[in-house]
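Let's take a walk through this structure together, one stop at a time. Please have the sequence and the 3D view at hand.

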Amino acid sequence: SCGFLDIYLGMWRDAGTPADSYYEVRPECTDVPKTKFKIKAGRTLSARKWHAAFTAEGYLDIGKTLSRIQRGGIHPSIRGEVWEFLLGCYDPKSTFVEREQLRQRRRAQYAALKEDCHKMFPIIGSGRFITAPVITEDGEAIQDPLVLQEACPEKELASLLDEDDDSYNYQMLKEPTSHDPQDKKVIQWKLTLHQIGLDVVRTDRTLVFYEKKENLSKLWDILAVYAWFDADVGYCQGMSDLCSPMIILLEDEADAFWCFERLMRRLRGNFRCTESSVGVEVQLSNLASITQIIDPKLHQHLETLGGGDYLFAFRMLMVLFRREFSFGDSLYLWEMMWALEYDPDLFSMYEDLEAASEKSEGSKGKVKSIRQCGKYERENMKNGPKSSEAPLPISIFLVASVLKDKSSKLLTEARGLDDVVKILNDITGNLDAKKACTGAMKLHKKYLKKVRFVPRFLDSAFNANS
């Protein structure tokens, strides 16, 4: 038994090590928040426990895995492969062979998508990216020296500006796209490419990982391909913050793309814009209703200050607290949230588009095993409203929990919206991911209780925000 204990302790020689040791920060970046998350033996999901959760055929005991993640997060060495299950890329009820077949199919699908994008804009997949506009809204190429140099860094600027230059990249930039039957879609897509580039160079720039240009171009490629793949949403600021962890955790670009695509299935509603509204406003309105029920005094105070639209919480919901936590802690927070929200039907809902649209309309679907659900999902199943509406995401309760914690400070010190923003900005680097999730769960339970017993109050809350 001593030998076993030595082996066990040897596997956990990093116990108590902050996760930042796995995500190296550039030495000159001294003001980066320190990570609170620590890898703890017996609490954090280790590689050994993870591999032991599979049968010989490859079926995963998801229930046991979720409870371990909810207790202490995931060891950074296996984070990427566990996330693929949490986000619904793979079905726990599938075998190793079935998953490998699916992985290869998806990699081929991504390669085809990327090739389509490369044909329209050859810098995709070239190991480079752009930060200057390449096209006007009318589809005319912009012959900007910066664009040309980004497209062909190996060539002299003088030769790039030569009208007779017949290099592939130059002709690609010079040619208008008006002959294309998909003209509008192509122009719209090309208009976003430089914006993606501008955001890519600003994303997680404190990490050593992004000192390598090939990692920046990989992030740009994935976001550019996604903008073409999901033209309804395209690209919006904030999406680079959501995608960045995927390429750090998953070495294969296609695997990272599909993991990001699954995350966007949850969040794409936030990024959908019309001329008059942004999708996240629905969640902000839900946040207002929750706060009105949980902390009416605070809600009234925020309304008096002109913050009844809760726009000050916009960033927290759009990029899931990426700016409020260190890089390592934000990953810990995300996996805790996804484990708490986990629905065993996730994979089949995503694979079957018809089922997915039913779910988005709040259909309950077939009966599922409560043991395979996350704690938050269980609570919704047991005590949630029996209406046709889909349950609210845990992220809204996380923000509500932060507001509740800061309630007395906001009530006594906030004299305007600037004060509200300042008080909330002060939480950066000071939040604890596990405590935040515990607070959100308590608030969610309290909210469901109040909603059950005071349905009329809920109606008036929602009417006040409509």
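E253 is buried, because its relative accessible area is 16% and buried means under 20%, exposed over 50%, and partly exposed in between (1.4 Å probe, protein chains only). You will find E253 in helix α12; helices here are DSSP runs of H or I with at least four residues, strands are runs of E with at least two, and both are numbered from the N terminus. Along the sequence, E253 and K218 are 35 residues apart, yet their C-alpha atoms are 7.2 Å apart in space.

Before going further, a word on what you are looking at: this is a predicted model, in which local features need pLDDT of at least 70 and side-chain atom pairs count only at pLDDT 80 or more, while totals for chains, interfaces and linings use all residues. Residues are numbered from 1 along each chain as its sequence is written, and side-chain values use heavy atoms, with hydrogens and water left out.

Now let's turn to charges. Side chains of opposite charge can pair when their charged atoms come close. The structure holds 25 salt bridges, a salt bridge being a side-chain nitrogen of Lys or Arg within 4 Å of a carboxyl oxygen of Asp or Glu. One of them joins R262 and E351, whose closest N and O atoms are 2.6 Å apart. This pair links distant parts of the chain, with R262 in helix α12 (residues 253-271) and E351 in helix α17 (residues 346-351), 89 residues apart. R262 counts as buried because its relative accessibility is 3%, whereas E351, with a relative accessible area of 38%, is partly exposed. Elsewhere, salt bridges that share partners join E84, R103, R107, D252 and D255 into one network.

Within that group, look at R103 and E84, which form a salt bridge with their closest N and O atoms 3.0 Å apart. Here too distant parts of the chain are linked: R103 belongs to helix α5 and E84 to helix α4 (residues 79-86), 19 residues apart. Both R103 and E84 are buried. D199 counts as buried at 3% relative accessibility, while R202 is partly exposed at 43%.

What about the helices themselves? Helix α5 (residues 96-120) has 25 residues and should span 36 Å at 1.5 Å a residue, which agrees with the 37 Å between its end C-alpha atoms; the expected span is 1.5 Å times one less than the number of residues. The buried residues of α5 include R99, L102, Y110 and M120. Because 15 of its 15 residues are buried, α16 is largely enclosed by the rest of the structure.

Our last stop is on the surface, where K36, K38, K40, R43, R48, K49, K64, R71 and K435 gather in a patch of positive charge. Patches are made of residues with over 30% relative accessible area and no salt bridge, and like charges are joined within 9 Å. Helices α2 (47-52) and α3 (62-72) each supply at least two residues of the positive patch. K435 sits in helix α23 (residues 433-453) and counts as exposed, at 64% relative accessibility.

Methods:
Patches are made of residues with over 30% relative accessible area and no salt bridge: like charges are joined within 9 Å, nonpolar side chains (Val, Leu, Ile, Met, Phe, Trp, Tyr) within 5 Å. Accessible areas come from the Shrake-Rupley method with a 1.4 Å probe; for residues, only the protein chains shown count as cover. Lys and Arg count as positive and Asp and Glu as negative; His and the chain ends are not counted. The place of a charge is taken as NZ of Lys, CZ of Arg, CG of Asp or CD of Glu.
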